[in-house]
Amino acid sequence: MVLRKFFNNATGGLLTALTSNNNTNSEEIRQLEAMGFPRERIVHALNATDNNVERAAELLLLGVSEADYPTSSTAAAATAANGHNARDNNGNGSGGTHVAAHNEDQMRRAIEESLQVNQRQEANNLRRAEVASLQNNTNKAKVVNKKTSKTPAAASANVIDLTGDDSKLAATISKTKRNTAVKSAAAVNAGKAAVSRFSNNKNTTNNNNNPSPTSKTLSQTHPNVKLPTKLQSKSKEEQILRTANRVKPHVMAVDTLLRVLLSVRSSPDNIKFRVIDRSNANYVQYVRDVPGAEDLLLAMNYRRNSHSSKNELRLERHLVDDALLYLGISALEQMRESEEYKLGKKLRAFHAEMKRIGKGQKEQQNLTEGEMEVRLQYLTKCPKEPPVGRGAIMNVQLGDEREKIDGGLASRRFDGDDTLADVLNWLGGCYGDELLEKLRSREWCLCDLNRYPILPLDVEKHQNKTLQYVGLFPSGKLGVRLSEDSWRDGDEIMDDIHGSARGLGAASRSMLY
């Protein structure tokens, strides 16, 4: 009876509190409805926050679902606490402060639990979205590599289970990330290009004569481009004529090839004439690097010996063709009558003279007394060399720089007011009277290598001009070259002379020529 009476009193109090709350909540409900929230959610939020409008608004703004509101037991405890607080207030009011603190603590815990539930739900949603994206990438990879999949079990191994717990889901995500890492567009394109090159190389190596139908040829990709026929695809006669024409400016190459072919025709059974050592010093210097020289030998049926460790060209006895030998010898003999070959012959003789003169300058102790006296006379006419820090260096090169003539470079300092005759006297003291006589007779010429185009200087006309006037100061670089026929015959230069004066106070090219 006592329990029933207590239960009836509690129930009646609760109903009375709810009725009074409904009457007093109308103002709070109107305030929250003005914010756009539905009435049902407002009522639940107010009940969960003990009619506190601010806290109810926080719950509604956070989007906490009704299931996450404080449970009925919490609400009942809060209601009972309110009743007890009311009784205390009607009575003594001594326990009101403790009840308010208890209610505040209850409210704080309810909000924290609600926020934690929301955060867990958002984290789960993010994980599931990430797994779905990775699963989509895996499905695309499986579609692309469908031909390379071995078994259905291997294909199903990439499927991701979205229904597991958080730890399994996190492990699945990390594993999927390692297996299906997202690559940038540049990395993907580079990989495709590498695979394409590998496939093309494989097709070219394995099916050189029968290319893959998927690989396009140059005629398919560039139909308007017409490539010339390769030299190896032309007839033997055309190969010999073309290569002989390319060799003709190189005198030593023409003479060496002609001597080899004549020896093979005279003694075809002699293996010495049918084997050429490609590492031989003379062959390397005069033949191997000359355009068209080795191609001519290959057209004569010489072959590189791939079955031996020796670097050589070999002409087998059964490949000796008298007709090809006759054609090659005739082509080379015809090249010896060309202007290019004759000019090359002159240049070779000229560089031989330059080497002899350079050697004489380097070995002055072998000179005779008459030669030494002549050189000393030239040096006495030459002005004193300026000290270091004054004047400018004058360099004179005998012949072509590519010939690297020993003793063919002379250097000395001159002032700007020194004349061209002083430079000639210095050259006479270095190389003797022969060089100056060839320059004055125009068989050889003195050229300013700092100008373009390179033209000879008239040493008789400008010998009394200062170096600054002729453009050889403050940087002078002269070269002794073989004269052309027009300059040797005394003709003036009638070509179009272009270029400006070199340095302050230098004469223009039209004034010099």
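Reply: Start with Arg442, which lies in the loop between helix 20 (433–440) and strand 6. Helices (H or I, at least four residues) and strands (E, at least two) are DSSP runs, numbered from the N terminus. This is a predicted model, where local features need pLDDT of at least 70, side-chain atom pairs count only at pLDDT 80 or more, and totals for chains, interfaces and linings use all residues. Residues are numbered from 1 along each chain as its sequence is written, and side-chain values use heavy atoms, with hydrogens and water left out.

Me: Why is Arg442 called buried?

Reply: Its relative accessible area is 15%. Buried means under 20%, exposed over 50%, and partly exposed in between (1.4 Å probe, protein chains only). So Arg442 counts as buried. Its phi is also positive, near 65°, in a residue other than glycine.

Me: What makes Asn301 buried?

Reply: Asn301 has a relative accessible area of 10%, so the label buried applies. Asn301 sits in the loop between helix 15 (293–299) and strand 2. Its phi is positive too, about 80°, although Asn301 is not a glycine.

Me: Why are helix 11 and helix 16 called roughly parallel?

Reply: Helix 11 (residues 236–247) and helix 16 (residues 322–335) pack at an angle of about 25°, with axes 9 Å apart. Axes are lines fitted to C-alpha atoms, for helices over the stretch in contact, and angles run from 0 to 180 degrees between N-to-C directions. Angles under 35 degrees count as roughly parallel, over 145 as roughly antiparallel, 65 to 115 as roughly perpendicular and the rest as oblique. The pair is therefore roughly parallel.

Me: Which residues make the contact between helix 11 and helix 16?

Reply: Contact means heavy atoms within 4.5 Å. Helix 11 contributes residues including Ile240, Leu241 and Ala244. From helix 16 come, among them, Leu324, Leu327 and Ala331.

Me: What makes strand 1 an edge strand?

Reply: The open sheet has 3 strands in the order 1-3-2, with antiparallel pairing. Strand 1 (275–277) and strand 2 (303–304) each have a single partner strand, so one side of each is left without a neighbour in the sheet.

Me: How do you know that strand 1 and strand 3 pair?

Reply: Two strands pair if DSSP finds at least two bridges between them. Strand 1 and strand 3 (residues 312–314) have 3 bridges, in the antiparallel sense. For Ile276, the bridge partner in strand 3 is Leu313.
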